[in-house]
Amino acid sequence: MKLDLSGLESTVPHFGTSDGLSHGFPTAPSFDLPITGDFDGFQKEAIQMVKPAKGTTTLAFIFKEGVMVAADSRASMGGYISSQSVKKIIEINPHMLGTMAGGAADCQFWHRNLGIKCRLHELANKRRISVTGASKLLANILYSYRGMGLSVGTMIAGWDETGPGLYYVDSEGGRLKGTRFSVGSGSPYAYGVLDSGYRFDMSVEEAAELARRSIYHATFRDGASGGVASVYHVGPNGWTKMSGDDVGELHYKYYPVTPSTVEQEMGEVSGA
Amino acid sequence: MTKQAANWSPYDNNGGSCVAIAGIDYCVIAADTRMSTGYSILTREYSKICKLADKSLMASSGFQADVKALQKLLAARHLIYQHQHNKQMSCPAMAQLLSNTLYYKRFFPYYSFNVLGGLDTEGKGCVYTYDAVGSYERVGYGCQGSGSTLIMPFLDNQLKSPSPLLLPAQDAVTPLSEAEAVDLVKTCFASATERDIYTGDKLEIVVLNADGIRREYMELRRD
């Protein structure tokens, strides 16, 4: 199996790697693989044991003014909430965002790697990489690790010379261009709200509110989503963070508790 | 011939709990000193805390052989960094190095649940929490290990700080003083020891601040 190991190349120049200094350190980039006849079984057991953090709701859509990207911030390990403040919207460069769904470590590592590759592209070609190009770089890497147990469901959103761009890329090797995506365990709920409220000619504020409400509704019904709903907007001059609201507080904003008049009040019992 | 399932696992769980709390200008890292395997105690005096750099300490629970290998690798990488850059590694840099080191073994993971604590480049306390394959984030407090499900809700109750993702941003560092944070940690472990069989014997507390590193011990229940 020929793996694409370019993701592991160290960018630090190693002077004199052939002498004793790096003895015992891998000079060629490689992932340590377990020596076993049953790779799949080993991965199944290892993943059960380490229980990497996943479970999420993310969404992104293109509209008249650019791309809106939103996500929750909960990470769960089995039934335990390991964090309520995970950054699921990753800033690849000032003009491109990536979302995280699936294994947190897988997404973090490969998005960081993608950022490095995008920067190298800029230096080599004297121009920013397109969203098409960036998503293809990531998709090719993930395809080469297909079947090895990576769990990545990401969206690459950006604004390049051709205008706003949005791609969905996953660890099965899929890559789809589209205008509306939601990824994660809470995505069915988010799609319900997003699809019914979507119009191409929304203003930035309307689109942000739609994205925020979609994430809120997904966190309401999906146990694996929660925390803080972050909303980002990608425009012609790059991305800006529109809002970050605790979903518990959003609930009471959308459904305020109205004090109701008491009809019968229980009186004090005298004696016993 | 029927397929035989693997009856030897390269992993073991040596138990134990670790906690780290970030303060305004200090960081407290603590871990119990019990090392066990199954229902047996291997030793009551094992330190789970390792000094990686002047301003970074790592506490790890899980499989201590993997933890030892990880500590050696990080120490060696830090030495190379010092030779190349003529300075100590900062805590945020060490945090990313640890994340990458863990991910390089994505297909044969280190069974090591880590908390990294230290002072950032501005002298403020910082704590980074990890999963076994390298996903990490900076938090105001963190805990890992067999007692983490017992300790974490208590820390959430006492220290719950606004999420760094909120906009407008609010600072995540705890307003507690150093002495209060050390007291809080002692309370955490005293409680966790009551209900977790793998936590106990002795508590090792390391406090890192601008004056340096201070170590303190407290006896815990040995049953």
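User: Which residue in S7(B) is the bridge partner of Leu57(B)?
Analyst: Gly117(B) is the bridge partner of Leu57(B). This is a predicted model, in which local features need pLDDT of at least 70 and side-chain atom pairs count only at pLDDT 80 or more, while totals for chains, interfaces and linings use all residues. Residues are numbered from 1 along each chain as its sequence is written, chains are lettered from A and ligands numbered from 1 in the order in which they are written, and side-chain values use heavy atoms, with hydrogens and water left out.

User: How many bridges join S6 to S7 in chain B?
Analyst: Strand S6 (residues 56-62) and strand S7 (residues 112-119) of chain B are joined by 7 bridges and run antiparallel. Strands here are DSSP runs of E with at least two residues, helices are runs of H or I with at least four residues, and both are numbered from the N terminus. Two strands pair if DSSP finds at least two bridges between them.

User: What is the strand order of that sheet in chain B?
Analyst: The order is S5-S6-S7-S8-S9 in chain B, an open sheet of 5 strands with antiparallel pairing. Strand S5 (49-53) and S9 of chain B are the edge strands, each pairing on one side only. From one strand to the next the twist averages 25°.

User: Which strands does H2(B) lie across?
Analyst: H2(B) lies across S5, S6, S7, strand S8 (125-130) and S9 of chain B, and runs at about 5° to S8(B). Axes are lines fitted to C-alpha atoms, for helices over the stretch in contact, and angles run from 0 to 180 degrees between N-to-C directions.

User: On to the interface. How many residues of chain B are in contact with chain A?
Analyst: In chain B, 34 residues are in contact with 43 residues of chain A, contact meaning heavy atoms within 4.5 Å.

User: What area do the two chains bury between them?
Analyst: Chain B and chain A bury about 3300 Å² between them, with 65% of it on carbon and sulfur atoms. Buried area is the accessible area (1.4 Å probe) that two parts lose on being put together, summed over both. Tyr103(B), Phe107(B) and Leu165(B) supply 27% of the area that chain B buries against chain A, more than any other three residues.

User: Which residues form the salt bridge across it?
Analyst: Arg106(B) forms a salt bridge with Asp106(A), and their closest N and O atoms are 2.6 Å apart.

User: Which elements of chain B supply at least two residues of the side that touches chain A?
Analyst: Helix H1 (64-85), helix H2 (91-103), strand S9 (136-139) and helix H3 (148-159) of chain B each do.

User: Now chain A. What is the strand order in its open sheet?
Analyst: The 5 strands of this open sheet in chain A have the order S10-S1-S2-S11-S12, with antiparallel pairing. Strand S10 (180-183) and strand S12 (238-246) of chain A each have a single partner strand, so one side of each is left without a neighbour in the sheet.

User: What joins S11(A) to S12(A)?
Analyst: A hairpin joins S11(A) to S12(A) through 2 residues. S11(A) and S12(A) pair in the antiparallel sense over 8 bridges, and Val228(A) has Asp246(A) as its bridge partner in S12(A).

Definitions and conventions. A salt bridge is a side-chain nitrogen of Lys or Arg within 4 Å of a carboxyl oxygen of Asp or Glu.
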